[in-house]
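Reader: I've got a structure here and I'd like to learn how to read it. Could you walk me through it?

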Amino acid sequence: MATNNLTNRIRRLRFEHGEMTQQQLADRVGVSRQTIIALEAKRYTPSLILAMRIAGTFNMPVEDVFTLDGQP
Amino acid sequence: MRIGRHRKREFEKVALSRQEKHAWFNLAICGLAGMTFLALWPWLGPQRAAGALGVLGLWALGPIFYGASDQKRDEEPDELGRLIQVRAVLAGYAVFWLVFVGVCVGIWAAYGSRGRIAVNVLPLLALGGWALFVVVQSVALLVQYSAVCRHGDE
């Protein structure tokens, strides 16, 4: 069975949105800064709710923020 | 240039979560109990020095300092924190059961099916199992936090 890794553009999007800090993003989506760090390092796959909150913070659809490796 | 400035601002040590503080507290109490035990051993012998393990009772203060309360509701662990907590508890239980079964089988193998052991072994087994569970859980939690979210922006 093939394994898919979830990649994300959170770090880049933070820079593109007024150099938002990890703590600021964490506060906006209601998680700890450690969770944002883990997400950006691809060491943690977020719940759908958190993924949608993060995408909503950047006013983008979820699939523009998170993508599965090997998928177009 | 701008990213470099941003990185400099954010490349700082990440503050410990309440769970990590609780884990360090548990390990510190365990270390204190162990050192007290070893310090008393030469004077009191191993059996009486084991009274020093009563220091482990200070673990009961952990939930007061780091437990959930109305004032600390905003510090409740998020989804990653809860996942790490669950894994740490599972690790604690797994190691506890392995050691518990090992000790039971070991006693049975050493003394035979008709052997006898002191009743004092039972509370020691319970205390030891509890201590082992707390220590393994604390270490597992700290290791996971360290592995998953080591640094800020790099």
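Author: A residue is called buried under 20% relative accessible area, exposed over 50%, and partly exposed in between, using a 1.4 Å probe and protein chains only. By that rule B:W130 is partly exposed, as its relative accessible area is 40%. B:W59, at 5%, is buried.

Reader: Before we go on, what am I looking at, and how are things numbered?

Author: This is a predicted model, in which local features need pLDDT of at least 70, side-chain atom pairs count only at pLDDT 80 or more, and totals for chains, interfaces and linings use all residues. Residues are numbered from 1 along each chain as its sequence is written, chains are lettered from A and ligands numbered from 1 in the order in which they are written, and side-chain values use heavy atoms, with hydrogens and water left out.

Reader: What is the secondary structure of chain B?

Author: Helices (H or I, at least four residues) and strands (E, at least two) are DSSP runs, numbered from the N terminus. Chain B has five helices and zero strands, so its pattern along the sequence reads α-α-α-α-α. Of its 154 residues, 29% are buried.

Reader: And how do I read contacts?

Author: Contact means heavy atoms within 4.5 Å. In chain B, take the contacts between residues at least 6 apart in sequence: 80% of them join residues at least 24 apart.

Reader: How many aromatic pairs are there over all chains?

Author: The idea first: rings of Phe, Tyr and Trp (its six-membered ring) pair if their centres lie within 6.5 Å; planes under 30 degrees apart count as stacked, over 60 as edge-to-face and the rest as tilted. A search of the whole structure gives six such pairs over all chains. Take B:W59 and B:W130: their ring centres are 5.1 Å apart and the planes stand at 90 degrees, so this pair is edge-to-face. The pair links distant parts of the chain, 71 residues apart: B:W59 sits in the loop between α2 (18-49) and α3 (62-66) of chain B, and B:W130 in helix α5 (residues 121-148).

Reader: What about B:Y93 and B:F133: how far apart are the ring centres?

Author: They are 4.9 Å apart with planes at 45 degrees, so that pair is tilted. Here too distant parts of the chain are linked, with B:Y93 in helix α4 (residues 79-111) of chain B and B:F133 in helix α5, 40 residues apart. B:Y93 is partly exposed at 44%, while B:F133 is buried at 17%. There's also a cluster, in which ring pairs link B:F96, B:W97 and B:F100.

Reader: Which residues does B:A131 touch outside its sequence neighbours within four places?

Author: B:L56 and B:W59. B:A131 is found in helix α5 of chain B and is buried, with a relative accessible area of 14%.

Reader: Now helix packing. At what angle do α2(B) and α5(B) pack?

Author: Two packed helices are described by the angle between their axes and the distance between the axes. Axes are lines fitted to C-alpha atoms, for helices over the stretch in contact, and angles run from 0 to 180 degrees between N-to-C directions. α2(B) and α5(B) pack at about 135 degrees, with axes 9 Å apart. Angles under 35 degrees count as roughly parallel, over 145 as roughly antiparallel, 65 to 115 as roughly perpendicular and the rest as oblique. These two helices are therefore oblique to each other. Residues making the contact include B:E20, B:W24 and B:L27 of α2(B), and B:V135, B:L142 and B:Y145 of α5(B).

Reader: Where is B:S146?

Author: In helix α5 of chain B, and partly exposed at 39%. B:S146 and B:E20 are 126 residues apart in sequence, but 9.9 Å apart in space, C-alpha to C-alpha.

Reader: Which residue has a positive phi of about 55 degrees?

Author: A:N59, although it is not a glycine. A:N59 lies in the loop between α4 (48-57) and α5 (62-65) of chain A and is exposed at 70%. A:E19, also not a glycine, has a positive phi near 50 degrees. A:E19 is in the loop between α1 (10-16) and α2 (22-29) of chain A, and is buried at 10%.
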